[in-house]
Amino acid sequence: MKATSVWPVPPQDLFLAEDEVHVWSGILDVSESLIEKFKNLLSEDEQSRANRFYFLKDKNRFIVARGMLRKILSFYLGTKPNTFQFQYSQYGKPSLHPNLNEQISPLKSSEIKFNVSHSNAIALFGITKYRQIGIDVEYTKPLPDTDKVAERFFSFQENLKYQQLPKEQKLTGFYHCWTRKEAFIKAIGEGLSYPLDQFEVSFLPNDKPCIKHIQNDKAQGEAWSLKALEPYPEYIGAIAVEGRNLRFVQYEFQTGSTSNLERRKG
């Protein structure tokens with residue numbers, strides 16, 4: 001992947017305030033030597049998951065995404081990236097295992113909330129404190145059945161607005177709506193078990209991203225922040241975070257920047 005993100009590298013004095021949400025982007029197609037380094041950071045269960053992929057490219061991208069996640073979390077926790085474990089909800093949402101050694105970490109494992117998504121050659125990571133968070137990214141490849149997907153999974157109003165879009169705007173509109181809905185259901189931790197037609201998001205070109213209502217309750221929707229993300233050409237993403245008046249800060253994961261952070265932490 002030759003495209004580069006316009007997001008900056010993180011500062012050496014990386015700090016996460018309680019009203020901040022840090023969003024990281026990363027390119028997953030890296031050298032074999034880097035893949036091996038990331039693989040060495042993974043737990044046994046993560047390596048087992050990687051080995052279940054049929055195609056080598058998918059396996060390597062999973063390894064890199066998980067390795068990046070561990071590296072990024074280690075910057076905030078002040079620990080080595082292979083020293084903590086993850087636990088998973090019944091729907092597969094990851095969180096930090098409470099057995100993290102709090103004596104060597106400036107933050108408690110319960111403070112940090114995170115989510116990750118990867119599609120094709122890139123990954124996005126969302127990090128915040130205390131708040132539920134969900135993130136999604138999609139490679140905007142043309143799909144033959146977006147109209148049918150929208151009719152089945154979007155709310156009545158979303159589908160109506162989507163179907164009225166000009167033909168040249170429909171693919172982008174579809175992905176903006178889909179990623180925003182995915183980000184929300186990932187944030188609440190229920191995945192696709194939560195009915196996608198039971199809440200409505202904005203997605204038209206001039207709309208500010210927001211959750212308009214949840215089960216016809218406008219107040220519930222207003223309790224969440226929703227932000228659109230376009231880190232690389234041909235990729236559309238979104239992040240949903242519990243709370244309002246939050247500050248979103250975007251970073252790009254780069255080998256050079258992480259080495260600076262590691263020297264500072266070490």
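Val137 sits in strand β6, one of the DSSP runs that are numbered from the N terminus, with helices being H or I of at least four residues and strands E of at least two. This is a predicted model, in which local features need pLDDT of at least 70, side-chain atom pairs count only at pLDDT 80 or more, and totals for chains, interfaces and linings use all residues. Residues are numbered from 1 along each chain as its sequence is written, and side-chain values use heavy atoms, with hydrogens and water left out.

Val137 has a relative accessible area of 0%, so it is buried. Buried means under 20% relative accessible area, exposed means over 50%, and partly exposed lies in between (1.4 Å probe, protein chains only). Leaving aside residues up to four places away in sequence, Val137 touches Ser117, His118, Ser119, Ile122, Leu124, Tyr235, Ile236 and Gly237. Contact here means heavy atoms within 4.5 Å. Val137 and Ala238 are separated by 101 residues in sequence, but their C-alpha atoms are 6.6 Å apart.

Now the whole chain. The protein has 266 residues, and 50% of them count as buried. Its secondary structure comes to eight helices and eleven strands. Take the contacts between residues at least 6 apart in sequence: 60% of them join residues at least 24 apart.

Phe125 is buried, at 0% relative accessible area. Beyond residues up to four places away, its contacts are His22, Val23, Trp24, Ala65, Met68, Leu69, Ile72, Asn115, Val116 and Ile135.

In soluble globular proteins, nonpolar side chains tend to be buried together.

Next, the helix packing. α1 and α3 pack at about 60°, with axes 8 Å apart. Axes are lines fitted to C-alpha atoms, for helices over the stretch in contact, and angles run from 0 to 180 degrees between N-to-C directions. α1 is therefore oblique to α3; angles under 35 degrees count as roughly parallel, over 145 as roughly antiparallel, 65 to 115 as roughly perpendicular, and the rest as oblique. The crossing of α1 and α3 is left-handed, meaning that the near helix is turned anticlockwise from the far one by less than a right angle, while clockwise would be right-handed. Ile35, Phe38 and Lys39 of α1 meet Asn60, Ile63, Val64, Gly67, Met68 and Lys71 of α3. By class, that contact has five nonpolar, two polar and two charged residues. Ala, Val, Leu, Ile, Met, Phe, Trp, Tyr, Cys and Pro count as nonpolar, Asp, Glu, Lys and Arg as charged, and the others, Gly among them, as polar.

Helix α6 has two partners to follow. Helix α5 (residues 156-163) packs on helix α6 (residues 167-187) at about 160°, with axes 10 Å apart. That angle makes α5 roughly antiparallel to α6. Their crossing is right-handed. Glu158, Tyr162 and Gln163 of α5 make the contact with Lys170, Phe174, Cys177 and Lys181 of α6. Three of these residues are nonpolar, one is polar and three are charged.

Helix α4 (residues 146-153) crosses α6 at roughly 35°, and their axes come within 11 Å. This crossing is left-handed. From α4, Thr146, Asp147, Val149, Ala150 and Phe153 meet Lys170, Leu171, Phe174, Trp178 and Lys181 of α6. The contact of α4 with α6 has six nonpolar, one polar and three charged residues.

Asn120 lies in the loop between β4 and β5. Its phi is positive, about 55°, although it is not a glycine. Asn120 counts as partly exposed, at 38% relative accessibility. Tyr130 lies in the loop between β5 and β6 (133-139). Tyr130, also not a glycine, has a positive phi near 70°. Its relative accessible area is 43%, so Tyr130 is partly exposed.
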